[in-house]
Amino acid sequence: MKIFFFLLVNILFVGHGTAQFIQEKSINAQIGYGLSAPINSVDESVDTGLFLQGEFVLKIKSWVELRPYAGFIFTNANGQDLDNNPTDEIAESKAFLLGGKARLRAPIPWVAPYIEGGIGASIGSFRTVTIFENIDKSGLIYHIPVSIGLELGPKNNVDIGFAYYFQPSVEQFAGAFAVGLSIPLKNR
């Protein structure tokens, strides 16, 4: 656990130096339709809510970026599955998200597909109820972020995509369909 926090702190503060391998810096703000679902679901239930996230984008090359992030996911159980049938399954997340990701992207103007992955921590409360699990946990857990999407525009400063945060210790994943806007920062 000490190694995880050491790596997380290093990732979050890597942009404050004047490393020559960083070509550009920007801030990416995202908002989206949040969701959470149990990993082992019988009823295919998905609980919905709100997703907000900010990323400090460190562009290394035109095709690779480092992205320390902080965000928030808030989902509530609505008692229905994907077909609007009643269900007793619950997968709620009310958490602050913190971590680091690397993004691989096709350096294409106007429409650039990307995929990203990393590691992070979720701090909050989590509830997963299925016929397999009954988990009600609060505190700090790890998560594995995975995202796919498209960067749009002549400078690829708008992105739309699917962001997922797999949380194995509470047997659920949280995620969102999100829209983001990148704001370039001045280089010194």
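Visitor: Which residues gather in a patch of negative charge on the surface?
Guide: D43, E44, D83 and D88 make up that patch. Keep in mind that this is a predicted model.

Visitor: Where does D83 lie?
Guide: D83 lies in the loop between β3 (64-76) and β4 (90-105).

Visitor: And is D83 buried or exposed?
Guide: D83 is exposed, because its relative accessible area is 57% and the cut-off for exposed is over 50%.

Visitor: Switching to I27. Which strand is I27 in?
Guide: I27 belongs to strand β1, residues 24-38. Its relative accessibility is 33%, so I27 counts as partly exposed.

Visitor: What is I27 in contact with, leaving aside neighbours within four places in sequence?
Guide: The contacts of I27 are then E55, F56, L181, S182, I183 and L185.

Visitor: How far apart are I27 and Y69?
Guide: In sequence, 42 residues separate I27 and Y69; in space, the C-alpha to C-alpha distance is 9.8 Å.

Visitor: What share of contacts in the chain join residues at least 24 apart?
Guide: Counting contacts between residues at least 6 apart in sequence, 63% join residues at least 24 apart.

Visitor: How many of the residues count as buried, and what about the surface?
Guide: Of the 188 residues in the protein chain, 43% are buried. The accessible surface of the chain is about 9,900 Å², and carbon and sulfur atoms account for 66% of that area.

Notes:
Residues are numbered from 1 along each chain as its sequence is written. This is a predicted model: local features need pLDDT of at least 70, side-chain atom pairs count only at pLDDT 80 or more; totals for chains, interfaces and linings use all residues. Side-chain values use heavy atoms; hydrogens and water are left out. Patches are made of residues with over 30% relative accessible area and no salt bridge: like charges are joined within 9 Å, nonpolar side chains (Val, Leu, Ile, Met, Phe, Trp, Tyr) within 5 Å. Accessible areas come from the Shrake-Rupley method with a 1.4 Å probe; for residues, only the protein chains shown count as cover. A salt bridge is a side-chain nitrogen of Lys or Arg within 4 Å of a carboxyl oxygen of Asp or Glu. Lys and Arg count as positive and Asp and Glu as negative; His and the chain ends are not counted. The place of a charge is taken as NZ of Lys, CZ of Arg, CG of Asp or CD of Glu. Helices (H or I, at least four residues) and strands (E, at least two) are DSSP runs, numbered from the N terminus. Buried means under 20% relative accessible area, exposed over 50%, partly exposed in between (1.4 Å probe, protein chains only). Contact means heavy atoms within 4.5 Å.
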